[in-house]
Structure formats: structure tokens, C-alpha cells
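Hi,

Here is the structure I promised to pass on. Have a look at it first, and my notes come after.

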Amino acid sequence: MITARFLGPRALWLAGLLVLVAVLVPVSNLALDVGHPLRVPDHLVPLLGKYLSYAILALSLDLVWGYVGILSLGHGAFFALGGYAMGMYLMRQIGSRGIYANPVLPDFMVFLNYKELPWFWQGFDQFWFAVLMVLLVPGLLAFLFGYFAFRSRVTGVYLSIITQALTYALLLAFFRNDMGFGGNNGLTDFKDILGFPIQAGSTRAALFAATALVLALFVLMVSAVTRSKLGLLMVAVRDAESRTRFLGWRAEHVKLFAFTLSAVMAGVAGALYVPQVGIINPGEFAPLNSIEVVVWTAVGGRGTILGPVLGALLVNGGKSYFTAAAPESWLFVLGSLFVVVTLFLPRGIVGTIDQGWRALSERRSAARAEKGTASGAATNPSPAE
């Protein structure tokens, strides 16, 4: 009972459902025979894992946009940095199995006549170091960016434009061959992860399960943060930042905490995304990708726990369908969806349902109160009667 009150019943139900999915999908894929009606096909396991990675990214944006009011148009940068950190580890695992059979240098470095491994690639042959970089690099960038931006009280559309400029600058930098990250082609042709063949069905199923469990953990974490006293302060900064400052709170510290935590979550999403998709390139830094995350969150309902997850799954599922069914018009479908949600469902799907449920509950309460008043008046007639 205390746990439900602390985390919220919806977050507990969602986390429980994700844990169930983390078990059922791999079991269905690995244990059931091909052709069985309940078997999840091999190609669908990494696709669903990719969607869950996107759901983590959408949840990370919701933490700062839905609860603190920071519309970040650069969360794709943190996602891509986490992906590159994992991609560098996977490249180091290839060893002499590459095209050029160099035991130390990745193929693209041999092709570009690198004589030795750059210093920033050192340590990525160890999984624990790669995980540390997945957390540290996006978190440190967000902390430094947020420290100067929030201390200078940059807010609103100006902050959104600066975050988009950040991701575009990284896009241009990572496109360069001399940066040492594979240039336009990025990092690909991965072989193993933790010693297991990355293309094996069991590995794919394990990666899916890990993604679902991490999403469940983040759902509980975000729910715990937003329902705490710190969460109330975050909402206060979102709704009345000047008044919050007047009462003595340091709004920039609240923003910095949420922004840094959100970036770390986005980096983890990118790290889970890369081994399931099999590639990471500078295209992940594209500003359009960050804008799409905003669409997912808005469609599902910002300021909710379930909304971003639902929005990411629905929009990306629809995107996969329409790119096959209507490849020339799916972008128009995506744009129309955002326009429709903005005009008719400004709170998103989950937010609109919650608002309607609250309005219905209030009408029922008012009706019961009115009925009770009328019954009381009938049983207790006035003295004049």
C-alpha cells in the first residue's frame, strides 16, 4: 500500500506489464515452433526492442518537458552519444574478424590510414567502461550545457533553439572522418556483445528483455521522482518559476537535476538501441529525430508516465506500417497526426482520457451531493410547512 502510494498505481501496473512482456516475448520467440500462431517472429523481436528504446527516450524527454517545462529539441544528441559509446565497445569486440583483419584498429581506421588507436577509444574493449561512458558522456554534456543555460536564465523558445543548435553542431562534427567515429558511415558490422553472437536469436531475445526491464525501472524511477517533494518543486518551477524563486528555491538547480537525469536516460536508450539495430551513424544527431521525440511525447500525453511510452509505441508502430503501405506519404501522415493532436488533443491521448475521467467523476460527485441535499430537504421540512 505504501509502495503504491509512493510510486503510483499506474506506474506499478505499467512496470509489471513490461516485466511480463520481457518474459513472454523471448519465451514465445525461442520456445515455440516456427509457424505457431503465438510465436513472435524473429524479425519482430529487435523491432519491438527498438520501439522500447524509443519509449525510454520519450520518457526521458517527458521528465524535463512534462514536469519542468523545458522543451528540449536536442535529446537526440544524448541518445546518439549513448549509442556511440556502445557502438565503440561493439567495434572493439570485432578484433581480427574485420575486413582488414587488424586486431586493434576498426576497419574504417585502417582504411583511413590510422597508425594507432586514438586515445578516446582506449578502454572501450571493456564492457564496464562502455557502460560508464554511456552514463557519463551524455550526463556530463547535459550538466555543462544546463549549468550555463539555466544560470543565465535562458528559457522558452530560446532554450529550445539552443538545444537544437547543440545537436546540429554534433551532427556536423561526427560527419567528419578525422573525428575518429567512422564519419558518414558510422559504426556497424558488429559481431559480439559480452562474448555472445549479436545476430543469434537468443542474444536478440536477451537484448529485448533487457530493454523492457530497463524501461520498467525508469518508469518506477520517474514516478518516484515526480511524486516526491522534489517532483512537486519541479511542477512549481514549470507552472510559476518566478514565484518559486521568490519563495527562496533555486529553480536552476531543479532544472539542472532534471535535465542531467533525463540526458542519462536518453544515453541508456541509445546504448540499448544500437546492438538491436546494428548501426549507429551521425544521422541519429539529426534535428528531425529530436523533433520526432517531441511528437511521440505530445501524442501520448506529456506530464504523465504512461503517455510518452504509449506515444512512442503507437507513432513508431504506425510509422513502420505506413512506410510500407504508403512510403511516399507517411511524412504527411506523421505531420497531420501532430497537427490533429495539437488542435484537438492538446493534453495527448492519456492526458485527455484523464481529464475526461476527472470531469465525469466531478459531475457524479456533484450529482450525488445534489441528490443528498434534496433528500435531506424532503426528510426535514421547514417550520413553515
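Below is what I found, going from the whole chain down to single residues.

Before anything else: this is a predicted model, so local features need pLDDT of at least 70 and side-chain atom pairs count only at pLDDT 80 or more, while totals for chains, interfaces and linings use all residues. Residues are numbered from 1 along each chain as its sequence is written, and side-chain values use heavy atoms, with hydrogens and water left out.

**Whole chain**

The protein chain has 15 helices and 4 strands; these are DSSP runs (helices H or I, at least four residues; strands E, at least two), numbered from the N terminus. Its C-alpha atoms fill a box of roughly 105 × 60 × 45 Å along the principal axes. Of the 385 residues, 46% are buried, where buried means under 20% relative accessible area, exposed over 50% and partly exposed in between (1.4 Å probe, protein chains only). The accessible surface comes to about 19600 Å², and carbon and sulfur atoms hold 67% of that; areas are from the Shrake-Rupley method with a 1.4 Å probe, and for residues only the protein chains shown count as cover. Taking contacts (heavy atoms within 4.5 Å) with a separation of 6 or more, 78% are between residues 24 or more positions apart.

**Aromatics**

There are 21 aromatic pairs, counting rings of Phe, Tyr and Trp (its six-membered ring) with centres within 6.5 Å; planes under 30 degrees apart are stacked, over 60 edge-to-face and the rest tilted. One of them is Phe-78 with Phe-259, which counts as edge-to-face because the planes sit at 80 degrees, with the centres 5.7 Å apart. This pair ties together distant parts of the chain, 181 residues apart: Phe-78 is in helix 4 (residues 75–92) and Phe-259 in helix 11 (residues 251–277). Phe-78 has a relative accessible area of 1%, so it is buried, and Phe-259 is buried at 1% as well.

Tyr-147 and Phe-148 make another edge-to-face pair, 5.2 Å centre to centre and with 80 degrees between the planes. Here Tyr-147 is partly exposed at 36%, and Phe-148 is partly exposed at 47%. Ring pairs also join Tyr-84, Trp-119, Phe-120, Phe-174, Phe-181 and Phe-285 into a cluster.

**A nonpolar patch**

Tyr-147 and Phe-148 turn up again in a nonpolar surface patch, along with Trp-128, Leu-132, Leu-136, Val-137, Leu-140, Phe-143 and Leu-144; together they have about 860 Å² of accessible area. Patches take residues with over 30% relative accessible area and no salt bridge, joining like charges within 9 Å and nonpolar side chains (Val, Leu, Ile, Met, Phe, Trp, Tyr) within 5 Å. Val-137 sits in helix 6 (residues 127–151) and is partly exposed at 33%. Phe-143 is also one of the contacts of Thr-260, which touches Gly-139 and Ala-142 too, leaving aside neighbours within four places in sequence. Thr-260 is in helix 11 and is buried at 17%.

**Salt bridges**

The whole structure has 11 salt bridges (a side-chain nitrogen of Lys or Arg within 4 Å of a carboxyl oxygen of Asp or Glu). Glu-241 and Lys-255 form one at 2.9 Å, N to O. Arg-250 and Glu-252 meet at 2.7 Å; Arg-250 is partly exposed at 48%, whereas Glu-252 is buried at 13%.

Asp-42 is partly exposed at 48%, but Arg-39 is buried at 16%.

**Two serines**

Arg-39 leads on to Ser-28, which contacts Leu-38, Arg-39 and Val-40 once neighbours within four places are set aside. Ser-28 belongs to helix 2 (residues 9–31) and is buried at 9%. A polar atom of its side chain lies 2.6 Å from the backbone oxygen of Leu-38.

Ser-53, in helix 3 (residues 44–68), is buried at 0%. Beyond four places in sequence, Ser-53 is in contact with Thr-211, Ala-269, Leu-272, Tyr-273 and Gln-276.

Cheers

Terms used
Polar contact = N/O pair within 3.5 Å; in protein donor to acceptor, adjacent residues only side chain to side chain.
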